[in-house]
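This report walks through one protein chain and the ligands that accompany it, for a reader meeting the structure here. Please look over the sequence and the structure before reading on.

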Amino acid sequence: MALTIVEDSCTACGACELECPNGAISLKNDVYVIKAKSCTECDGDAPKCQAVCPVDDCIVKAA
Ligand code: SF4
Ligand code: SF4
């Protein structure tokens, strides 16, 4: 299971990258992406990237 960033919503503020405990978030070609294999959804706690993202519905559960 992993979260994903909606490319069109992301403002590339970078806040989520700093919060991820697994280093799963990085900047790629001017947008931030979540490496699905590294995302643990923060192990049962509230996803930290989602909590810090200033844009509603920008970080969502991967389909
Ligand atoms: S849910 Fe947690 S582990 Fe997954 S990308 Fe966000 S901060 Fe990182
Ligand atoms: S916190 Fe939200 S808007 Fe900022 S880089 Fe991450 S996904 Fe994009």
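## Burial and overall form

A residue is called buried if 20 or more other C-beta atoms lie within 10 Å of its own, exposed if 12 or fewer, and partly exposed in between. By that rule, buried residues make up 21% of the 63 residues in the chain. The model is a predicted one.

The C-alpha trace spans about 25 × 25 × 20 Å along its principal axes, and the radius of gyration of the chain is 10 Å, which agrees with the value near 11 Å that a compact globule of 63 residues would have. Among contacts between residues at least 6 apart in sequence, 65% join residues at least 24 apart.

## Strands and helices

The chain contains 2 helices and 4 strands, and from the N terminus on these elements follow the order β-α-β-β-α-β. Strand E2, residues 25-28, pairs with E3 in the antiparallel sense over 4 bridges, and Lys28 has Val31 of E3 as its bridge partner. The hairpin of E2 and E3 has 2 residues between the strands, and in this hairpin Asn29 takes a positive phi near 50°.

In a regular strand the side chains alternate between the two faces of the sheet.

## The nonpolar core

The largest nonpolar core has 12 residues, among them Leu3, Ile5, Tyr32, Ile34 and Ile59, together with cysteines including Cys16, Cys20 and Cys53. Strand E1 (3-5) and strand E3 (31-34) each supply at least two residues of this core. Leaving aside neighbours within four places in sequence, Ile5 is in contact with Cys10, Tyr32, Val33, Ile34, Cys58 and Ile59.

Val60 lies in strand E4, residues 59-61, and counts as partly exposed because it has 13 C-beta neighbours inside 10 Å. Beyond its neighbours within four places in sequence, Val60 is in contact with Leu3, Thr4 and Val6.

## Surroundings of the two ligands

Ligand 1 has 14 residues around it, of which Cys20, Cys39, Cys42, Pro47 and Cys49 come nearest; by class, its shell has 9 nonpolar, 2 polar and 3 charged residues.

Ligand 2 is surrounded by 14 residues, the closest being Cys10, Cys13, Ala15, Cys16 and Cys53, and its shell has 12 nonpolar, 2 polar and no charged residues. Cys16 and Cys53 also belong to the largest nonpolar core.

Key: Residues are numbered from 1 along each chain as its sequence is written. Chains are lettered from A and ligands numbered from 1 in the order in which they are written. This is a predicted model: local features need pLDDT of at least 70, side-chain atom pairs count only at pLDDT 80 or more; totals for chains, interfaces and linings use all residues. A residue is near a molecule or strand if its C-beta atom, placed from the backbone, lies within 6 Å of it. Ala, Val, Leu, Ile, Met, Phe, Trp, Tyr, Cys and Pro count as nonpolar, Asp, Glu, Lys and Arg as charged, and the others, Gly among them, as polar. A nonpolar core is a set of buried Ala, Val, Leu, Ile, Met, Phe, Trp, Tyr and Cys residues joined through C-beta atoms within 7 Å. Two residues are in contact if their C-beta atoms, placed from the backbone, lie within 7 Å. Two strands pair if DSSP finds at least two bridges between them. The radius of gyration is taken over C-alpha atoms; the globule rule is 2.2 Å times the number of residues to the power 0.38.
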